[in-house]
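Work through the exercises below with the sequence and the 3D structure open beside you. Try each task before reading its solution.

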Amino acid sequence: MKLTLGFSPCPNDTFIFDALIHNKIDTEGLEFEVFYDDVETLNQKAFRGELDITKLSYHAFAYVANQYVLLDAGSALGFGVGPMLICKGNPEELHSKLKTHNSQLKIGIPGKYTTANFLLGLAFPNATNKVELVFSDIENAVLEDRVDVGLIIHENRFTYQDKGLNKIIDLGDYWEKETGCAIPLGGIVANRNLPLDVQHKINRVLRKSVEFAFANPKSGLDFIRQHAQEMSEEVMYKHIELYVNKYSVDLGEEGRKAINLLFSTALEKGIIPKVEQEIFLGPLTP
């Protein structure tokens with residue numbers, strides 16, 4: 001059975017999926033046609049229902065939960081992994097301006113439906129002057145004064161200081177202090193049109209792929225490097241350590257609690273619509 005699969009070229013995703021797409025594990029008869037896209041492009045593809053399996057932002061998932069179900073394996077949740085607001089100028093001054101009732105600061109964001117933008121809306125509900133950019137362009141947009149503030153994700157956590165930029169706030173840290181939970185960033189979902197046994201097979205195979213990656217961390221090095229946009233090996237593995245953890249193997253009770261809290265908070269704030277479907281993969285009926 002051949003399935004379409006979308007994930008980002010970022011090291012955490014290539015690390016997770018390497019064994020699965022390169023047959024380093026038993027894929028139980030599944031084959032995959034792979035599409036590499038940034039997370040907002042994957043979000044948009046999910047809105048159109050284009051892929052059988054895809055990575056997407058938890059924010060975006062709320063809008064497609066009637067069409068996709070969340071797998072237990074493959075998610076990016078964690079502590080100290082959140083998006084960050086950065087600037088070229090004085091961070092304290094800009095933080096105050098973001099808090100004002102009619103803040104007109106121009107903010108570069110990595111996509112409307114990213115979890116990063118969701119967290120920005122929670123922390124600074126009046127900061128609405130946003131420009132959507134590809135995540136890897138945001139640092140330069142700040143440096144070139146095309147935006148006043150940048151909302152960065154992924155490996156840019158490790159590079160912004162080298163470019164002389166300053167942190168205004170770590171929005172992951174903000175979420176953790178508010179809730180005590182890990183921040184759910186992105187998950188892997190399967191189309192609900194697929195038979196339930198196939199959904200479970202995908203989840204099993206994906207879990208095996210993550211476990212293989214943890215057991216053989218250098219196995220996918222060439223594949224990871226090929227897609228890592230000239231990152232050094234040190235930065236690639238820092239990125240992986242940050243975003244791939246126990247929740248990537250299995251969400252577990254803690255992970256599910258964090259996701260439910262994210263959704264209930266977002267619904268309460270009017271950021272997402274009410275989700276009618278059970279979002280988590282249900283048990284196989286006997």
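**Exercise 1: a core and one of its members**

Find the residues that leucine 171 touches, leaving out those up to four places away in sequence, where contact means heavy atoms within 4.5 Å.

Solution. Leucine 171 touches Pro83, Met84, Leu85, Ala116, Leu119, Leu120, Ala123, Phe124 and Leu151. Before going on, note that this is a predicted model, in which local features need pLDDT of at least 70 and side-chain atom pairs count only at pLDDT 80 or more, while totals for chains, interfaces and linings use all residues. Residues are numbered from 1 along each chain as its sequence is written, and side-chain values use heavy atoms, with hydrogens and water left out.

A nonpolar core is a set of buried Ala, Val, Leu, Ile, Met, Phe, Trp, Tyr and Cys residues joined through side-chain atoms within 4.5 Å, and buried means under 20% relative accessible area, exposed over 50%, partly exposed in between (1.4 Å probe, protein chains only). The largest nonpolar core has 58 residues, of which Tyr58, Phe61, Leu85, Phe124 and Leu171 touch the most other members. Helix H5 (residues 115-123) gives the most to this core, namely six residues; helices (H or I, at least four residues) and strands (E, at least two) are DSSP runs, numbered from the N terminus.

**Exercise 2: aspartate 37**

Which side chain is joined to that of aspartate 37 by a polar contact of 2.8 Å?

Solution. Begin with the position: aspartate 37 sits in the loop between strand E2 (31-36) and helix H2 (39-47). With 17% relative accessibility, aspartate 37 counts as buried. Beyond four places in sequence, aspartate 37 touches Phe7, Ser8, Pro9, Leu42 and Lys45. The partner is lysine 45, whose side chain makes the polar contact of 2.8 Å (a pair of N or O atoms within 3.5 Å; within protein, one must be able to donate a hydrogen and the other to accept it, and residues adjacent in sequence count only if both atoms are side-chain atoms).
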